[in-house]
Amino acid sequence: MKKIFFSALLLPVILFSCTDKVPEAHFSTDAFEPEVGQTVYFANNSKHADRYEWDFGDGVTSVQENPSHIFTGTGLFIIELKAFNGNME
């Protein structure tokens, strides 16, 4: 019985010391098929993050939390958001 009691006391300490949250990158936008020259607004919905890196797929990047961007050409652009926190990248 002492062994089970000891493990029960030790387990919460281990769980609380290993609860660093991994950043999760999520975003939404107000336009999926914008016109050339139209401002597109991005809403950052990331979790457990305090630093962000955006790549708009056209050579332009940003470190703003909720940026806007104007695409100056036609085509398919893959937008990437990387989320970081002080514990993990």
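Which residue in S6 does Arg51 stand opposite? I looked it up in the model, which is a predicted one. Arg51 stands opposite Phe84.

**Entry: the S3 and S6 pair**

I followed that pair along its strands. S3 covers residues 51-55 and is joined to S6 by 5 bridges. The two strands run antiparallel.

I then asked what sheet they belong to. It is an open sheet of 3 strands, ordered S4-S3-S6, and the pairing is antiparallel. S4 (61-62) and S6 (80-84) stand at the edges with a single partner strand each, so one side of each has no neighbour in the sheet.

**Entry: the whole chain**

I stepped back to the chain. I counted 1 helix and 6 strands. Reading from the N terminus, I get α-β-β-β-β-β-β. The chain has 89 residues, and 20% of them are buried.

I checked contacts next. I took those between residues at least 6 apart in sequence; 54% of them join residues at least 24 apart.

I also noted the surface.

**Entry: S2 and its partners**

I turned to S2, residues 39-44. Which strands pair with S2? I found S1, residues 27-29, paired with S2 in the antiparallel sense over 3 bridges. I also found S5, residues 68-70, paired with S2 over 3 bridges, again antiparallel.

Thr29 stands opposite Phe42 of S2. Val40 has His69 in S5 as its bridge partner.

**Entry: the two faces of S2**

Which residues of S2 lie on its covered face? I listed Val40, Phe42 and Asn44. The uncovered face holds Thr39, Tyr41 and Ala43. Val40, the partner of His69, is on the covered face. Phe42, opposite Thr29, is on the covered face too.

**Entry: the largest pocket**

I looked for open space last. The largest pocket holds about 320 Å³. I counted 17 lining residues. Which of them lie nearest the centre? They are Phe32, Glu33, Pro34, Phe71 and Phe77.

I sorted the lining by class: 11 residues are nonpolar, 4 polar and 2 charged. I also checked which strands contribute. S1 and S2 each supply at least two lining residues. These two strands are also paired with each other, in the antiparallel sense.

Definitions and conventions:
Residues numbered from 1 in each chain as written. Predicted model: local features only at pLDDT ≥ 70, side-chain atom pairs only at ≥ 80, totals over all residues. Heavy atoms only, no water. Buried < 20%, exposed > 50% of the residue type's maximum accessible area, 1.4 Å probe, protein only. Helix = DSSP H or I, 4+ residues; strand = E, 2+ residues; numbered from the N terminus. Pairing = 2+ DSSP bridges. 1 Å grid on protein atoms, 1.4 Å probe; cavity = no way out; pocket = protein on both sides within 12 Å on 5 of 7 lines; lining within 4 Å. Points joined across faces, edges and corners; volume = space filled by probe spheres on them. Nonpolar A, V, L, I, M, F, W, Y, C, P; charged D, E, K, R; others polar. Contact = heavy atoms within 4.5 Å.
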